[in-house]
Amino acid sequence: MVLSPLKQQISKLKKERNAVILAHNYQLGELQEIADYVGDSLELAREATKTDADVIVFCGVRFMAETAKILNPEKTVLMPVKEAGCPMADMATAEQLREMRKQHSGAIVVCYVNSSAEVKAESDVCCTSGNAVNVVESLLNSEIIFVPDRNLGAYVQLIVEGKKIILWPGYCPAHVELREDDVEQLKRVRPSAKFIAHPECNTEVLKLADAVCSTSGMLKYAEESPSVEFIIGTEVGLLYRLRKENPDKRFYPAGKMLCPDMKMTTVVDVKRSLEYIEHIINVPEHVANRARRSLERMLEL
Ligand code: SF4
């Protein structure tokens, strides 16, 4: 395959720096093409612990790069565009969480990985959309504070028995955009299509789904399903990979679910990041040590 001059430069810089490029499933297609690994939050967290590279270039949003740094304190973690954040992660602070804990002294705190390092440090265990049900089921406590995504927490509550989940009022602005009406209308137009939804969608939308899964769960479902048409209820970036990996199937976005932060990073930014070693992600040691415990507890499950 002939690489463009820009891709050749990135490849050369990667070798010189002994770097690896990780990209989330919502990133631009051009980034997915140059990444060494593309996946969901859980897969990228696991991949970050396995790599031998000295430098991890993280194409995603800040909490993901922080997670990679927490799990690899000795490595250099770079974020090509440091402004790429997660509005949902910003809906919970460590101070607010401490307050909530005081009100529910017997509760254990489960934090969705889409949260700041400080919130992870205040939590007992992390989870992702792919393992939230398993994480909550594994806990002995019957009362759980689930932070920050109210929709993922409500979804877990629907499935897990014998536990009371106290929901945090956070949400993903991209996923809550999707309404029942949009899905019902699309289902009428595409009656044979399976509707797959991400658990960050509203509960009413999830009730219409043939399957509720993480982004990697959606990839697996689409590949294994005998159906050839799918309505996709998650951020539109996933359609690139779905179409690439299933050229004989058809995928329709359920709505205009776009996360501007996930679209900030470009291939040019990645090259600059490798060239000038920018922007280095650091997490204060006292925060990282406590946050690591929550992440490792999840990864052990
Ligand atoms: S898609 Fe939603 S949860 Fe993911 S980074 Fe964007 S705002 Fe955060």
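Axes are lines fitted to C-alpha atoms, for helices over the stretch in contact, with angles from 0 to 180 degrees between N-to-C directions; contact means heavy atoms within 4.5 Å. The model is predicted: local features need pLDDT of at least 70, side-chain atom pairs count only at pLDDT 80 or more, and totals for chains, interfaces and linings use all residues. Residues are numbered from 1 along each chain as its sequence is written, and side-chain values use heavy atoms, with hydrogens and water left out.

**Overall form**

- The chain has 14 helices and 12 strands, where helices (H or I, at least four residues) and strands (E, at least two) are DSSP runs numbered from the N terminus.
- The radius of gyration is 19 Å, close to the 19 Å that the globule rule gives for 301 residues, so the chain is as compact as a globular protein of that length. The radius is taken over C-alpha atoms, and the rule is 2.2 Å times the number of residues to the power 0.38.
- Along the principal axes, the C-alpha atoms fill a box of roughly 55 × 50 × 30 Å.
- Of the 301 residues, 57% are buried; buried means under 20% relative accessible area, exposed over 50%, and partly exposed in between (1.4 Å probe, protein chains only).
- The chain exposes about 13500 Å², of which carbon and sulfur atoms supply 49%.
- Among contacts between residues at least 6 apart in sequence, 61% join residues at least 24 apart.

**Domains**

- The assignment gives domain 1 (5–84 + 262–282), domain 2 (89–171) and domain 3 (175–258); such bounds come from an automatic or database domain assignment.
- The C-alpha centres of domain 1 and domain 2 lie 28 Å apart, and six residues of domain 1 are in contact with nine residues of domain 2.

- Two strands pair if DSSP finds at least two bridges between them.
- β9 (residues 194–197) pairs with β10 in the parallel sense over two bridges, and A197 has V212 in β10 as its bridge partner.
- β9 is also joined to β11 by four bridges, again in parallel; here K194 stands opposite F230 in β11.

- Strand β3 (residues 55–59) is mostly covered, with five of its five residues buried.
- In a regular strand the side chains alternate between the two faces of the sheet.
- On one side of β3 are V55, V57 and C59, and on the other I56 and F58; all are buried, and both faces are covered.
- Strand β1 (residues 19–24) runs parallel to β3 and is joined to it by five bridges; the bridge partner of V20 is I56.
- Strand β4 (residues 76–78) pairs with β3 in the parallel sense over three bridges, and V57 stands opposite L78 in β4.

**Residue H175**

- H175 is placed in the loop between β8 (164–167) and α9 (180–189).
- H175 is buried, with a relative accessible area of 1%.
- Leaving aside neighbours within four places in sequence, H175 is in contact with Y26, H198, E200, C201, G233, T234, E235 and M257.

Methods:
Areas by Shrake-Rupley, 256 points an atom, 1.4 Å probe, with all protein chains shown as cover.
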